[in-house]
Amino acid sequence: MKFIECPVIGTRPHTEFAISGVLEAEPAEIKTMSAAVWTFNRRSIPGERIECWYHTPTQLWFNVTRHTGTDVISRVDLMWRPDD
């Protein structure tokens with residue numbers, strides 16, 4: 001099983017998290033393309049990206065920096081907690 005080192009809640013199994021999406025800037029051409037093209041026609045090049053992850057037991061949201069080619073997590077930051 002894969003474990004995630006989280007600075008807020010400690011080491012947790014990856015099965016406790018759900019990935020919500022990727023944080024990335026919209027392209028400059030967003031005004032001329034359809035939503036379907038922006039959503040589905042992206043280049044899938046391995047590299048580091050920031051993803052929104054939700055920890056189900058604590059209801060905390062995290063920004064997770066992960067390399068998509070190696071699946072190595074380099075950073076975990078608390079994004080939002082329910083009482084904020």
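## Basis and a loop residue

A residue is called buried when its relative accessible area is under 20%, exposed when that area is over 50%, and partly exposed in between, with a 1.4 Å probe and protein chains only. The model is predicted, so that local features need pLDDT of at least 70 and side-chain atom pairs count only at pLDDT 80 or more, whereas totals for chains, interfaces and linings use all residues. Residues are numbered from 1 along each chain as its sequence is written, and side-chain values use heavy atoms, with hydrogens and water left out.

By this scale Thr58 is partly exposed, at a relative accessible area of 33%. Thr58 belongs to the loop that lies between strand E4 (48–55) and E5, strands being DSSP runs of E with at least two residues, numbered from the N terminus. Between the C-alpha atoms of Thr58 and Met33, which are 25 residues apart along the chain, the separation is 38 Å.

## The sheet

Four strands form an open sheet in the order E3-E4-E5-E6, with antiparallel pairing; two strands are taken to pair if DSSP finds at least two bridges between them. At the edges are strand E3 (17–23) and strand E6 (73–80), each of which pairs on one side only. From one strand to the next the twist averages 30 degrees, where axes are lines fitted to C-alpha atoms and angles run from 0 to 180 degrees between N-to-C directions.

Strand E5 (residues 60–67) runs antiparallel to E6 and is joined to it by six bridges. Thr65 stands opposite Arg75 in E6.

## The largest pocket

The largest pocket holds about 240 Å³ of space, a volume being the space filled by probe spheres set on grid points that are joined across faces, edges and corners. A pocket is an open set of points, on a 1 Å grid over the protein atoms alone, where a 1.4 Å probe fits, with protein on both sides within 12 Å along at least five of seven lines, and its lining residues have an atom within 4 Å of a point.

Among the residues that line this pocket are Val22, Glu24, Arg42, Arg43 and Thr68.

## The cysteines

The structure holds zero disulfides, a disulfide being a pair of cysteine sulfur atoms within 2.5 Å. The sulfur of Cys6 is too far for a bond because the closest cysteine sulfur, in Cys52, is 14 Å away. Cys6 is buried, with a relative accessible area of 6%, and Cys52 also counts as buried, at 11% relative accessibility.
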